[in-house]
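User: I have a model to go through with you. Could we begin with helix packing and then turn to the aromatic rings?
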Amino acid sequence: PYAPIADDISRGTNQLYLVLAGGLLLLYIALFLVSLSVTRRLLRQVTENQYLAEHDVLTGLPNRMVFQRSLDEHLRRHAESGDGAIVAIVDLDRFKVINDTLGHSIGDALLLQMGERLRSSLPTGSTVARLGGDEFGILLTGATDVQGALWRIKEVLEQEVEIEGLPKVAVDCSIGYALQGIDGDTTELLLQRAEIAMYFAKQHHVGIFHYDEQHDRHDPAQLALVGEMRRAIDHDELVVHYQPKVQMGDGQVRAVEALVRWQHPRLGLIQPDDFIALVEETELVHDLTHWVLARALGDLAALGAVAHDLTVAVNVSARNLSRPGFPRRIADAIAASGLAPERLSIEITETALLTSPERALAILEEIASQGVQISIDDFGVGQTSLSYVASMPIAEVKIDRSFVTDMTTDPVHGVIVGSIIDLAHGLRMRVVAEGVESEATAVTLASMGCDLAQGSLYSQPLAYDTLRFWLTQRQSGSQG
Ligand code: C2E
Ligand code: CA
Ligand code: CA
């Protein structure tokens, strides 16, 4: 009889189906759970990434990108309504000194507190963001008394800060601002002008400054340039040219002086006389000097054999000497280049030495003790006597070109040059004459015992590639 067998088979098959269906169901549930948790994790990651892309990690404030976007939006919505935005930039004064002397973790703690204070002191409807470093951006709307509102913010920021394990400190800040409609109608222009106003406030210690072309004592075009300097440094728009210093006796090149220029995207090549003086009035000069220092040392190392016995001279501003961390940063730049410290010299104008002589002396001694040579630039134009600098660690004196260039036709200048050379030699300093343009000047200088000469007679400042070529030519010339 087949019936019981068939029964048995169908029971078995049904059981198998059941087990299979149950197994598949379990598998499905398991897969569903796995995919659910993966999706959740991915979603969380996306939100996190978005947060990180839009916020500053340290303070939790929106970043520059978000700030620009909010400003864009505001300008679009209120183009006609007359509800003008106030764009303000707040920059802490001497923050870098705190960072350099007390360390970065203290600096971070301070920035965190400043961020919190800004957030809590702003009227509703305003936006605050960290634009970078110790710079914050504020977008104020609907304020009737702009100056009053900003002074209140400044006051809150300047109250004493308590950081664990430290005595209370108070940090000053400078604020610059620009008004929608009056100072500009685009995000870019408003931000740039607020930044210029902030630099002005800092330079002139006025606390808060409204961007104003008419009342600038500086050429507005130049002021605008300072506003663009940060970008120039960060985007490598600066270039360094090198001018040889030549030994008078044998015509050998002993050194090159690094001279910065600015390859401006709109205005072309800008000479240092058109921007250095202004930059020197701001904290930006630290970054500028470090940039030039690193580039000059890097270029000298890259020149290799054709420059194996050359030194590179870098110009340093008074403001650089007021910062205690400066010698350390020079040492770091030298270490990064792999060159011996003796291959670097720094040029300081005599007026820079006079700004705060004790402080400058301590810093110069620290720099000289590393083996770096120190040179006094533009000597003769200031009021310094050489005996005043006799106690300083100075290897070289550069006679200002205003005495040198016409010394063969102006007898007074000739006498001045001669006596600077004698005095410097008496103090065992080497002498460089700047601005040597003619053979006659070179001959007279040599007869006076001048050590080195620099000027268009030998070479103008040269771009790196041209310098390499020039040095190679001279080397093969002197060998043949
Ligand atoms: P400086 O240190 O006195 O540099 C020498 C200047 O004289 C250079 O001008 C050079 O091109 C010019 N010069 C050279 N030979 C002759 C000549 O035979 N005749 C005449 N009339 N001039 C000559 P440059 O490159 O325009 O630099 C101007 C000034 O800008 C420099 O004067 C220096 O004070 C400042 N500077 C340049 N680079 C830097 C830098 O990296 N940092 C700082 N802080 N200042 C810099
Ligand atoms: Ca110089
Ligand atoms: Ca000079």
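User: At what angle do helix 11 and helix 13 pack?
Analyst: This is a predicted model, in which local features need pLDDT of at least 70, side-chain atom pairs count only at pLDDT 80 or more, and totals for chains, interfaces and linings use all residues. Residues are numbered from 1 along each chain as its sequence is written, and side-chain values use heavy atoms, without hydrogens and water. Helix 11 (residues 326-337) and helix 13 (residues 357-368) pack at about 20°, with their axes 9 Å apart. That makes helix 11 roughly parallel to helix 13 (angles under 35 degrees).

User: Which residues meet there?
Analyst: Phe326, Pro327 and Ile330 in helix 11 meet Ile363, Glu366 and Ile367 in helix 13 (contact means heavy atoms within 4.5 Å). The residues of this contact divide into 5 nonpolar, no polar and 1 charged.

User: Now the rings: how many aromatic pairs are found?
Analyst: The whole structure has 2 aromatic pairs (ring centres within 6.5 Å). The rings of Phe200 and Phe209 have centres 4.0 Å apart and planes at 25°, so they are stacked (planes under 30 degrees apart).

User: Is Phe200 buried or exposed?
Analyst: Phe200 is buried, at 8% relative accessible area (buried means under 20%, with a 1.4 Å probe and protein chains only). Phe209 is also buried, at 15%.

User: What about Trp262 and Phe275?
Analyst: Trp262 and Phe275 form an edge-to-face pair, 5.6 Å centre to centre with 80° between the planes (over 60 degrees counts as edge-to-face). Trp262 lies in strand 7 (residues 253-264), and Phe275 in the loop between strand 8 (268-270) and helix 8 (276-279). Both Trp262 and Phe275 are buried.

Methods: Chains are lettered from A and ligands numbered from 1 in the order in which they are written. Axes are lines fitted to C-alpha atoms, for helices over the stretch in contact, and angles run from 0 to 180 degrees between N-to-C directions. Helices (H or I, at least four residues) and strands (E, at least two) are DSSP runs, numbered from the N terminus. Angles under 35 degrees count as roughly parallel, over 145 as roughly antiparallel, 65 to 115 as roughly perpendicular and the rest as oblique. Ala, Val, Leu, Ile, Met, Phe, Trp, Tyr, Cys and Pro count as nonpolar, Asp, Glu, Lys and Arg as charged, and the others, Gly among them, as polar. Rings of Phe, Tyr and Trp (its six-membered ring) pair if their centres lie within 6.5 Å; planes under 30 degrees apart count as stacked, over 60 as edge-to-face and the rest as tilted. Buried means under 20% relative accessible area, exposed over 50%, partly exposed in between (1.4 Å probe, protein chains only).
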